[in-house]
Amino acid sequence: MYPRSFKDSNGDGEGDLAGVISQLDYVKALGVDAIWLSPFYTSPNNDGGYDVANPRDVDPRFGSISDAEALIEATHARGLRIIVDIVPNHFSTEHQWFKEAINSLPGSKARNRFHFYDGRGANGEIPPNNWCSIFGGSAWTRIKELDGTAGQWYLHLFDSTQADLNWENNEVRLDFEKTLRFWLDKGVDGFRIDVAHGLVKEEILTDHRDPEGLTRALRLDVSDMSRVDRESLLSDVPFFDREGVHEIYRHWRKIFDSYPGQRMSVAEAWVHPSSRATRYVRSDELHQIFNFDFLIAEWDADFLKTAINKTLREVSAVDAPATWVLCNHDSPRLVTRLGGGEQGRRKARAMALLTHALPGGIYIFQGEELGLEDAAIPDERRQDPVFFRTHGADKGRDGARVPIPWSAGLPHFGFTSGEPWLPMPAAWESLAVSSQDTSDSYLALYRKSIAMRRDLFNTHSNTSKDDTSKDDTPKDDTPKDDTPKDDTPKDDTPKDDTPKDDVPKELEISWIETPHGVLAFRRGDHFILYSNVTDNELDIALSEADSDFAQVLASSPEARVQGNAVHLPAHSTLWLSRTKFTS
Ligand code: GLC
């Protein structure tokens, strides 16, 4: 959930926590187990709240601490869990620590909480190294010292108002521990850890061979870079995925485990090769890590199959669940990424049904379930620092962050009674929640697939569908294994088509042989999926042994079982189940 764009309760044009509470029944009806909210903490909002000035308070634009408490309670009252964001890589330059730092001398305790260095060149006018900000421009900004002279530089991997913290400094560690406990004490069920792989920096005074290329490679909204170029640049990033981050998460894990209930953590750590991601979810570290393979994937059978095999093999090596992400607040929306319009929507429905049948956790970005596309935004309304720091060369992420259309017919589709902070396309009338109350809508498909997924694969949260009672202390029935698993990153090349080796039963899928461009797999003995990723209509015979399978869900109305075959129109996915499982 991107709360600024979810629902506005007070007419200021921006979503807020009271707005989220007002729509929790909608969220519950979608069938999800939990919500994750991006930051709502005190912030000047130069980067959508990821520039945190006080992580233990709520920004007035979102409400107050008591609204946050009410939200936690209202979420639990509906049998949902709530995950909040934590942003440990940087603080806003409005944070009291940064203000102290610039009002102190070089080498002081206050400066040591960040990365302040002298510049190079005769007068220190050249930044300490050539790193670029991921949002464009230099990763260093020079301050004025107290005597008015040009002074030291501070590191910011993102906007210049997001100063990177020095995790070698114990005060930084203690302060984050305090923040974790603050929200855990308030009852949150877990954290999404922003830039989790970035906390520890190495070779900070060493130049990079291609700093501009590197930062573009690191951005999910940049799509004009070849996969080969991207992978070569991402293979070694001096400020990401350093060994030291793991010690921090081992410590955090102990904090999570010291609280009742299964408090959880999910890392935003886009690391390369992806096999290194599993190191964040070893049994004594974090619980989940976002898998970004599908976030950049085309609707391409070979790529998807390889990504699925690789992911399942990798996570099973550390006994962690897989995760699947089709969209988030940093990337173009799925429908847009797959070409937009009716064709994009058709592919997106098929890709969503494929994803929803996979073992593990699914993260859905608000509006994805409505089939929204990125909105066109006039440059003068853009707010993303990426747009400004690249001088408009990259448009940034605002297109995916446009507020949710709730009610067709109401001004701004009922999102706000004021002026929305980003303009909402008039064409969204038919995509508004109120317009999707039909059984064949995009929203209905998401509701059905999420509900069926629970029944078919026995995915579970601690609260069943019908249980609306508060359950604060879910039981942990999985024995804890404190021994860190093998550190060695596993080889990336799929050994075998079907990732059976070492994959526990519940993670197992087995591929069915199909013509090129078609994906088909079984889960257990009662579920089969077919995805037609080609431009052609296809009929594929079912084996005799599968003749008692019937269709349970289809991404397009023409996909169906016909006699002893499955009929698959172009870009469609069909779920089949044995008769005893179909309702
Ligand atoms: C993460 C967030 C993104 C933010 C960045 C800097 O990638 O998802 O929105 O801009 O971190 O905090």
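Domain bounds here come from an automatic or database domain assignment, and they divide the protein into domain 1 (1-87), domain 2 (96-164) and domain 3 (509-583). Hello everyone, and thanks for coming. What you see is a predicted model, in which local features need pLDDT of at least 70, side-chain atom pairs count only at pLDDT 80 or more, and totals for chains, interfaces and linings use all residues. Residues are numbered from 1 along each chain as its sequence is written, and side-chain values use heavy atoms, with hydrogens and water left out.

The C-alpha centres of domain 1 and domain 2 are 32 Å apart. Four residues from domain 1 and four from domain 2 take part in the contact, where contact means heavy atoms within 4.5 Å. The size of an interface is often given as the accessible area lost when the parts come together. In this case domain 1 and domain 2 bury about 310 Å² between them, with 42% of it on carbon and sulfur atoms; buried area is the accessible area (1.4 Å probe) that two parts lose on being put together, summed over both. Which three residues supply 82% of the area that domain 1 buries against domain 2? They are Asn 46, Asp 47 and Asp 51, more than any other three.

Now the sheets. A word on naming: helices (H or I, at least four residues) and strands (E, at least two) are DSSP runs, numbered from the N terminus. Two strands pair if DSSP finds at least two bridges between them.

Strand β11 (residues 264-267) is joined to β12 by two bridges, and Val 266 stands opposite Gln 288 in β12.

Another open sheet of five strands runs β15-β16-β17-β22-β19, with antiparallel pairing. Helix α13 (residues 442-457) lies across β16, β17 (527-532), β19 and β22 (572-578), at about 140 degrees to β19.

On to backbone geometry. Most residues other than glycine have a negative phi, and most peptide bonds are trans. His 272 and Pro 273 are joined by a cis peptide bond, with omega about -10 degrees, and Pro 273 sits in the loop between β11 and β12. Asn 45 has a positive phi, near 65 degrees, and so does His 391, at about 50 degrees. Are these two buried or exposed? Asn 45 is buried, with a relative accessible area of 13%, while His 391 is exposed at 74%; buried means under 20% relative accessible area, exposed over 50%, partly exposed in between (1.4 Å probe, protein chains only).

Last, Arg 219, in the loop between α6 (211-217) and α7 (227-234). Arg 219 counts as buried because its relative accessibility is 5%. Its side chain makes a polar contact of 3.0 Å with that of Asp 394. A polar contact is a pair of N or O atoms within 3.5 Å; within protein, one must be able to donate a hydrogen and the other to accept it, and residues adjacent in sequence count only if both atoms are side-chain atoms.

Terms used
Axes are lines fitted to C-alpha atoms, for helices over the stretch in contact, and angles run from 0 to 180 degrees between N-to-C directions.
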